[in-house]
Each structure stands twice: as structure tokens, then as C-alpha cells.
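Keep the viewer open as you read.

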Protein chains: 2
Amino acid sequence: MSSPQPFKRVNRESTAGLITRQLREAIMFGRLGPGTQLSEATLAAEFGVSRGPLREATQRLVQEGLVRAEPHRGLFVKELDAHEVRDLYAARTAIETAAGRTIIRQRQQRAVLALRSAYEAMQSAAESGALDDLSDADLHFHEVLVSSAGSPRLQRMHQTLMVETRMCLTALQGTYRDPEDQVAEHRRITEAIASGDSDAFAGAIEEHMQEALDRLIPGGRSADAATHG
Amino acid sequence: MSSPQPFKRVNRESTAGLITRQLREAIMFGRLGPGTQLSEATLAAEFGVSRGPLREATQRLVQEGLVRAEPHRGLFVKELDAHEVRDLYAARTAIETAAGRTIIRQRQQRAVLALRSAYEAMQSAAESGALDDLSDADLHFHEVLVSSAGSPRLQRMHQTLMVETRMCLTALQGTYRDPEDQVAEHRRITEAIASGDSDAFAGAIEEHMQEALDRLIPGGRSADAATHG
DNA sequence: CACTGCAGGATTGTTGACAATCTGCAGATT
DNA sequence: AATCTGCAGATTGTCAACAATCCTGCAGTG
């Protein structure tokens, strides 16, 4: 920013906001596994607050789709079955494709630089063999992709999806993947954007998502539209 | 649907849910205009409930992006400036394009039928000169488009966007538009999907959104990326 | 032996009151 | 005259208790 502004804004995050963030992270990284029931009283005691702010926090997570609320029953961490995971990646494909196309249409050089930088972070993480860092860099790459499009709404929707993505990755922690491949796919995405080839980019994203899906749902092929509300 | 299910589920909507819906509608249709401050105490009294459930309801609206919360200041109905409206339609374009492409890829005949039906509803509304009905049918068409893709996440994100869209339409109530054009654009969209031409469809949607934007922001052309945090 | 009805225990949904914070205005000061 | 200080009023943020609802297990009955 151009204005100096020597002091940071004082901590103005609401209690509910703090709790929301902590719970979200706990869910993301599997400390609260899928299906776990969240007891308001227990959590409130743990956080050292009353049930009011805690309720507010959980309601936010419900709206984000991370927590499922059954009336008078309780709150449960959402479980992602194969169908859900497919939907998640379909939604991500939609958002990220749109973001990339926007970047290409606007010929945003800054976005290309940011993506290259994010890509290089992945590369060095892969070289040093830090798999956790590589995973982080991977997610970060996709966040940069969407945020570069400059659409607050797209970005907000994407953030929610990325939290769920992290849940998936946490779930298959321990599974292995060739870091080379992982980096190469992102290289293709980056270069497609850099060269301004919109269709090549869309194809690369599509393939990338399919790749991820195949790893997450080994057996799953078709979505069988039979039981389809 | 095929399963009979002779009884509807008993009314199990929480108080907060009811209030959320009412507030949302009030905002959508301009009964609570942009910038209006929402007083918790006043609203709670009007709804005849305590501040607890009401707070829960407003929090949901905040997360949906319809209401802006300033800490210790109050809640304000969000105002959509030109930049926001552009973003809104960009996001809609992203979602609806993705939905249509999915439908085309899966060759969903049912979706084509549903779209044709929605299109015909627009047509008859246009012929009878019922502009409000035409407007409703228009929004319904886009909802059908997205819901036909069968992606819960896409649909949920789209619903939020459609509420904001309705806000925009409410704002320019009284402005006129040739119903013929409006219907024709949706005809092009429908036929592009029916014929399976993915790129033609994307073009039709793009153009449709641009058309709407031009009407909403008469002077606005470029998004000037200068002040772009 | 299977089904129905009911209390026990626990959880959520709701309420009204209390505390912290912000805005705007009156009054004092330079 | 302009600016700063402090108070009043109003609003939100938080809390602990009350009421309604739901699940579980057991006794009773055909």
C-alpha cells in the first residue's frame, strides 16, 4: 500500500470469529474427524466462553458447509463421501477455470508473476522433499490463481472449497504421490495462462482435478444418476 | 419424484431459519433498503423473539454477504456499488457457464426439457405482458440451469448470488426493457445447450450477463484495476 | 419373543439481564 | 472561533439459567 499507516489496527476480531477459525482449523486438519459430534457445552467450556459466542461460531461453520446441524440432535462434522468429493472438485473446477479465464482475458501480467512465484515455491518444496510444505504450496497456488482474478465473490466461494479440499488431503495423509508429477501439472497450468491459451488452461485444470479425484476415490468412476433427488 | 412419501416432513424449521428467510426477502425486495441499519433489539421486538435467535439469523445473512457487520456499531444492509455489481455478474457467469458445460458434457436430456419449460414460462409471461412474472421466470430459468447440473455446491453458491441479483433488479424497478429481447437471449442459451455447442453456450451466457450489466451500470465500462488492494 | 409405553439423562433452543464499546453533543479551554 | 475532553444515550457482545426436545434403556404386555 502507498499510505504508510504506522500502526496496525488493534485486534478487533470478535470472539466468535476467533472460535470459528480455531474450529475450522481443527476440522481441516482432522483434529475433529468427520462425523464427530460437537457438544456446545463441552466446547464452550474448553474455549472458556459462554454458549452464545460458541453458537455463533458453529452457525458460521454450518453455513460454510463444514458442519451439519440436526435440530435438537446436535452438530456433526461433515463427512465427505465419494459423491461429495466429486462435487467439491467439480465446484473447484468451475471456480478456478473461471478465474483463469478472467486472468487470461485481462492479460494480467501481475497474476502470471504471482503464479510463477507460487509455482516455484512448490518446486523448491518438492526438491527439498518437504511433503507437507509441498502440500501447502499446492493449495497456495490455487488460492493465488483465484485471488488474482480480483473477484471477491469468487475468492470467497473458493476459500470455502479449499477448506474442504484440505479436509480431503488430511483424510488421505500417508498416501504417496510423485512430487514431480504434482509440480509438472502446475507448471502446465501456469504456462497455459502465461501463453494466454484459454482452452489449454481449461484442459489443464480439468485434468489436474481429475487426477486428484482419481487419487481420492480410487474406485469411483461414474456418478450414477439413479438416486438423484 | 418416484418415491411416494405421502407425508411431508413436519415443520422443523428453526426460529432462526424463519427469521433469516423473512429478513432475506425483505432485503431482496427492497423493503429493507441498502444501507439501512438493522437494530437487534428493534427487530427482535418486531419478530416477537429474543435477541438470541435473531442474532443467529443476522449472522447467517452476514455470511451470505447480504448484511455487513461493523463491530460494536451495528448491522447494515449491504449496498451494491458498480464494482460489486460487476463482480456479482462475473461470479454468476462463472457458475452458470460451468453448470451449462456440465449439462452439455453429460448430455442431460432432462435438463434440456426443464430449460425449455422454464423458457416457455418466460415466453408466456412476456406475451401476457406481466413484467413481474417475466422477471420471476427469468430468475427461475437461471436457477433451473444451475440446479440441472446436479452440483449441490454450485447450486448453493448460485442461490446466494441470485438473491443479490434480485436486489439489483429491485433497485432498478421501473426501468424498462424489451421483453422480446429478454426472451430471445434465453432462447439462444437454451438452444445452445440443446445442440450441445459448449462454446456457443458460453458466448450466449457471457453476452447475456454483459447485457444485464450494461443496463445496471449505464456508464460503467472498465473495472480500473488501479485501486485494487 | 416382539412390540409398546415411559421415565432418566443429556442436549439443544430460548430468554432476559449484565458488561463493554461506540457515537454524538455539551461544555471547557486555548 | 476552533478544538479538545468528558458524559449521556444507545447499541452490540456476553453470560448463566430456564424450557423444550430428543435418544436410551427398561419394564410391561400381548
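**Salt bridges and helix packing**

Start with Glu56(A), which counts as buried because its relative accessibility is 12%, under the 20% cut-off. Bear in mind that everything here comes from a predicted model. What does the side chain of Glu56(A) meet in a salt bridge? The partner is Arg60(A), with 3.8 Å from N to O. Both sit in helix H3 of chain A (residues 51-64), and since they are 4 residues apart, about one helical turn separates them.

Now hop over to chain B and find Arg166(B), which has its place in helix H7. Is Arg166(B) buried or exposed? It's buried, at a relative accessible area of 14%. Its side chain meets that of Asp136(B) in a salt bridge, 2.5 Å from N to O. Asp136(B) belongs to helix H6 of chain B (residues 131-147) while Arg166(B) belongs to H7, so this pair ties together parts that are 30 residues apart in sequence. Asp136(B) itself counts as partly exposed, because its relative accessibility is 37%. Some salt bridges also share partners: Glu40(A), Arg51(A), Arg55(A), Glu56(B) and Arg60(B) are joined that way into one network.

Back at Arg166(B), what else is around it? Setting aside neighbours within four places in sequence, Arg166(B) is in contact with Met28(B), Phe29(B), Ser135(B), Asp136(B) and Leu139(B).

Another charged pair to look at is Arg101(B) and Asp199(B), whose side chains meet in a salt bridge at 3.0 Å, N to O. Here Arg101(B) lies in helix H4 of chain B and Asp199(B) in helix H9 of chain B (residues 198-216), so the parts they tie together are 98 residues apart in sequence. Arg101(B) counts as buried because its relative accessible area is 18%.

On to the helices themselves. Two packed helices are described by the angle between their axes and the distance between those axes. Take H4 (residues 82-106) and H7 (residues 152-171) of chain B: their axes come within 10 Å and cross at roughly 140 degrees. That makes H4(B) and H7(B) oblique to each other, and the crossing in which H4(B) passes H7(B) is left-handed. From H4(B), the contact is made by Val85(B), Leu88(B), Tyr89(B), Ala91(B), Arg92(B), Ile95(B), Glu96(B), Ala98(B) and Ala99(B). On the H7(B) side, the residues include Leu154(B), Met157(B), Leu161(B), Met162(B) and Cys168(B). By class, the contact of H4(B) with H7(B) has 12 nonpolar, 2 polar and 3 charged residues.

How are H5 and H8 of chain B oriented to each other? H5 (residues 109-128) and H8 (residues 179-195) pack at an angle of about 170 degrees, with their axes 10 Å apart, and are therefore roughly antiparallel. Among the residues that meet are Val112(B), Leu115(B), Tyr119(B) and Met122(B) in H5(B), and Val183(B), His186(B), Arg187(B) and Ile193(B) in H8(B). The contact of H5(B) with H8(B) divides into 9 nonpolar, 4 polar and 3 charged residues.

How values were computed: Residues are numbered from 1 along each chain as its sequence is written. Chains are lettered from A and ligands numbered from 1 in the order in which they are written. This is a predicted model: local features need pLDDT of at least 70, side-chain atom pairs count only at pLDDT 80 or more; totals for chains, interfaces and linings use all residues. Side-chain values use heavy atoms; hydrogens and water are left out. Axes are lines fitted to C-alpha atoms, for helices over the stretch in contact, and angles run from 0 to 180 degrees between N-to-C directions. Helices (H or I, at least four residues) and strands (E, at least two) are DSSP runs, numbered from the N terminus. Angles under 35 degrees count as roughly parallel, over 145 as roughly antiparallel, 65 to 115 as roughly perpendicular and the rest as oblique. A crossing is left-handed if the near helix is turned anticlockwise from the far one by less than a right angle, and right-handed if clockwise. Contact means heavy atoms within 4.5 Å. Ala, Val, Leu, Ile, Met, Phe, Trp, Tyr, Cys and Pro count as nonpolar, Asp, Glu, Lys and Arg as charged, and the others, Gly among them, as polar. A salt bridge is a side-chain nitrogen of Lys or Arg within 4 Å of a carboxyl oxygen of Asp or Glu. Buried means under 20% relative accessible area, exposed over 50%, partly exposed in between (1.4 Å probe, protein chains only).
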